[in-house]
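Here is a brief report on one protein model. It covers sheet pairing, nonpolar cores and helix packing.

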Amino acid sequence: MGAVTVGESATSGDFSSASPVQDQPVVRPRLESVGGRPCGRLAPSPTGALHLGNIRTFMVAWLQMRACGGTVRLRIEDLDHPKHKAGAADALIEDLRWLGFDWDGPIVKQSDRLPYYKEALGRLAPLYPCFCSRADIQGAQSAPHPGEVLRYPGTCRRRVDPAPEGRIPAWRLPLGPEDDGRYVDAFAGPQTKTADALTGDFVLARGEDPAYVLAVVVDDHEMGITDIVRGDDILPVTPAQNVLYRRLGWTPPTYWHIPLVVGPDGLRLAKRHGDTRVSAYRAAGVTPGRILSALARTCGWLAPGESVSSLADLIPRFSSDTIPHTPLVWHDSLL
Ligand SMILES: [Zn+2]
C-alpha cells in the first residue's frame, strides 16, 4: 500500500491539512471492469439478519440489472464490525442464495478496504476536528423531524479552544458554496435541499475510522456502480455523497430511493413487529417463491393471488413504474 500516506506522520490520523496525495491521485484499476454495462449492487450489513425490508429493496436492485443485461455486485458493509459477526456475513450470503440471488465478480468486504478510504480522506483534506457530542449538536437546534438527519451548525469550524484531552475528534468536511449536492432521483424525483441545508459540514472520519458516507462513495465508484437502489431513509445524506463525488472528481451514479417497509404502526420494520427475518420464514417452512411472490405483488409485478416459484421468473415482470411511492405496510397476511 505504498500510495497510502494519510496519517503516517500523525499518531491518530490528522486530516487538518491538505495531504501530498491530493495533487497526485492514485490511478488503479477499478475492482472490476464493467465495459460500460449498467451495474447495480446489493450492499447488506452483517449487523442484523436479512429481513423482508432488505429483500424487497434487493429485489428491485437485482431485477433492474437482470432485466437490462447489467451486472450485479455484492458488497458486505462490515465497516462498523470488521472483527465481529463473521458468521453473520456468511448467514446473510446463505439467505440471499436461498432466495435465488446471484452476483458477478468477487464479494467485496468493506473491512478489507480501509487503506482506500484513508487515501480518499487525504484527497478530501483539509478537514477540521469536531469535539461536539450529539447532545451538543441537538441543543443548538430543534429536534429533527422524522426522515431528517441532525444538521451540524459548524460550531467547531470556528473553535479557538485547544482540543480537549483524550477526546477522539470527528473530522468534518467544511462545505463551500459550490458544494450543492442537489440532484434528480430516478425514483423519488427532484431533491431540492442542499447538503448544507440537510447535514451541514458532515463527518468523514471518527479518529482514523472512515465514516459510512465516505466508504460507500469510494466503493460504489471503484466497483463501477452505475445505479444505486436503496431505502429512502438514505435520501437525506445523498446530497452529501454527491458533494464527495464532485470533490473527488467522480461522476455520481443514478439513484433510486425506494420507500421502506414499515410495520402497522408506520415505523420501520423491526423486531417489535414480529420476526420478519428471512431465516425465520425459512425455518417455518415458507418457500422462497412464497416470500418473493408476496413482495412482488407489493411492487405491482404480480396480480393479487398470482405467484412465481423463483426470483428469475420475475425478470420479465420487472418495472420500476409500478412500485408504489408510499411505504409498504407489512403484515404476514400478505404472504
Ligand atoms: Zn463540533
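Two strands count as paired if DSSP finds at least two bridges between them. The model is predicted. On that basis, four strands form an open sheet in the order 4-5-8-9, with antiparallel pairing. Strand 4 and strand 9 (209–210) are the edge strands, and each pairs on one side only. Strand 5 (residues 170–172) and strand 8 (residues 203–206) run antiparallel and are joined by three bridges. Ala170 has Arg206 of strand 8 as its bridge partner.

**Cores**

The largest nonpolar core holds 45 residues. Leu42, Ile55, Trp62, Leu99, Phe101 and Leu295 touch the most other members.

Leu42 touches Phe58, Ala61, Trp62, Val72, Leu74, Phe101 and Trp103, leaving aside residues up to four places away in sequence. A second, separate core has 30 residues, including Leu124, Ala125, Trp171 and Val243. In soluble globular proteins, nonpolar side chains tend to be buried together.

**Helix 1**

Helix 1 has 16 residues. From first C-alpha to last it reaches 22 Å, close to the 22 Å expected at 1.5 Å a residue. Of its 16 residues, 15 are buried, so helix 1 is largely enclosed by the rest of the structure. Gly69 follows helix 1 and has a positive phi, near 75 degrees.

**Helix 3 and its surroundings**

How do two packed helices get described? The angle between their axes and the distance between the axes are used. Helix 3 and helix 6 (residues 212–222) pack at about 105 degrees, with their axes 10 Å apart. Angles of 65 to 115 degrees count as roughly perpendicular. Helix 3 and helix 6 are therefore roughly perpendicular to each other. Helix 3 contributes Tyr116, Tyr117, Ala120 and Leu121 to the contact. Helix 6 contributes Leu214, Ala215, Val218 and Glu222.

A loop lies between helix 3 (114–124) and strand 4 (128–130), and Pro126 is in this loop. The peptide bond from Ala125 to Pro126 is cis, with omega near 10 degrees. Ala125 is also a member of the second core.

Conventions
Residues numbered from 1 in each chain as written. Predicted model: local features only at pLDDT ≥ 70, side-chain atom pairs only at ≥ 80, totals over all residues. Core = buried A, V, L, I, M, F, W, Y, C linked by C-beta atoms within 7 Å. Buried ≥ 20, exposed ≤ 12 C-beta atoms within 10 Å, placed from the backbone. Contact = placed C-beta atoms within 7 Å. Helix = DSSP H or I, 4+ residues; strand = E, 2+ residues; numbered from the N terminus. Expected span 1.5 Å × (residues − 1). Axes fitted to C-alpha atoms, helices over the stretch in contact; angles between N-to-C directions. Parallel < 35°, antiparallel > 145°, perpendicular 65-115°, else oblique.
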